[in-house]
Amino acid sequence: MTMSAVPPMPFGATVADAAAFNAPFHMLAPLPRELWLPAIVCSSGATAGRLDALAHWRDALLGGALPDAVHALGEQAAGAALRQVIGELALTALTHGSEPLALQVLRTALWHLDTLVDHPAGQSRAEAIAAMAQAFREEWTVERQGWEEVLALLQTLGDLARLRWDELKGRLNSREWREAQRIGEVLAALPQLAAFIERVGRAQRRDDLPPRQNDTPRAAPPRPLAVKAIEIRLVDQPGAVRGIKRSGLISRMLASEAALIRHPVLHRLWRARLAESQLLSYEDEAVLTQWVPSPG
């Protein structure tokens, strides 16, 4: 069986030509790489519709809103069921401004969509979609427990935008996080102490004070460091050809030596020279310049 080769892109092709050539997978380019694999391997619905809707779902979840009903991840009924569950569990409140949580919701949705192909033979498509949506609901009912408090603290610390999903889960299991929770419970019982901590260390700008004089001594400028060049010569390394020598390197032998290999008689002479490392070869030498600090 022969396989047909993919025709190469013509020289001078434009961006539009490249998009048409790679369609529909050119729509993966604006998506985060974490979504590429689940978006491609998902077997539910049309690939083009699923990839086109993913960007809208991601932007909507990051903005704290439900995706539009017209964007159904490739299959209208299944996408509508997932959209309804996201609204019922208020997952948009968790994904608002949180890239890792938004991507995790989308990865989970794509995984559950891919399970539709494995529904029992006697189960209708509507029943399979309902079971898939229920499994998605049960998973995120457990996952979202306590996330409101967690995200509120992480947003105040400024760490939420850069943490991935695995880092978020690891942060919750760390000893420092448990200690922060314990301190939070103590501060909740002492509102006066919490108010005092909020006020301590907050800078207050006063324009009526005279400007402060620069009484801090300046550091002396750094002295320039003296360096010197050291040449390192590497024999038999790619570089300048210095001459001809005798060696056993077949890769560096002269053409006159190579001509003896196929000779009916002189090939024995060539083998003897090779055994004794007496082949006429190019003598190469590479010169490296290394700059080192000079004590003077």
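Tutor: Helix α4 passes α7 in a right-handed crossing, a crossing being right-handed if the near helix is turned clockwise from the far one by less than a right angle, and left-handed if anticlockwise. This is a predicted model, in which local features need pLDDT of at least 70 and side-chain atom pairs count only at pLDDT 80 or more, while totals for chains, interfaces and linings use all residues. Residues are numbered from 1 along each chain as its sequence is written, and side-chain values use heavy atoms, with hydrogens and water left out.

The axes of α4 and α7 (residues 125-143) come within 9 Å and cross at roughly 30°; axes here are lines fitted to C-alpha atoms over the stretch in contact, with angles from 0 to 180 degrees between N-to-C directions, and helices are DSSP runs of H or I with at least four residues, numbered from the N terminus. The two helices are therefore roughly parallel to each other, as angles under 35 degrees count as roughly parallel, over 145 as roughly antiparallel, 65 to 115 as roughly perpendicular and the rest as oblique. On the α4 side the contact (heavy atoms within 4.5 Å) is made by A77, A78, A81, L82, V85, I86 and E88, and α7 contributes I129, M132, A133, F136 and R137. These residues divide into 10 nonpolar, no polar and two charged, where Ala, Val, Leu, Ile, Met, Phe, Trp, Tyr, Cys and Pro count as nonpolar, Asp, Glu, Lys and Arg as charged, and the others, Gly among them, as polar.

In the loop between α4 (76-88) and α5 (91-95) lies A90, which has a positive phi of about 55° although it is not a glycine.
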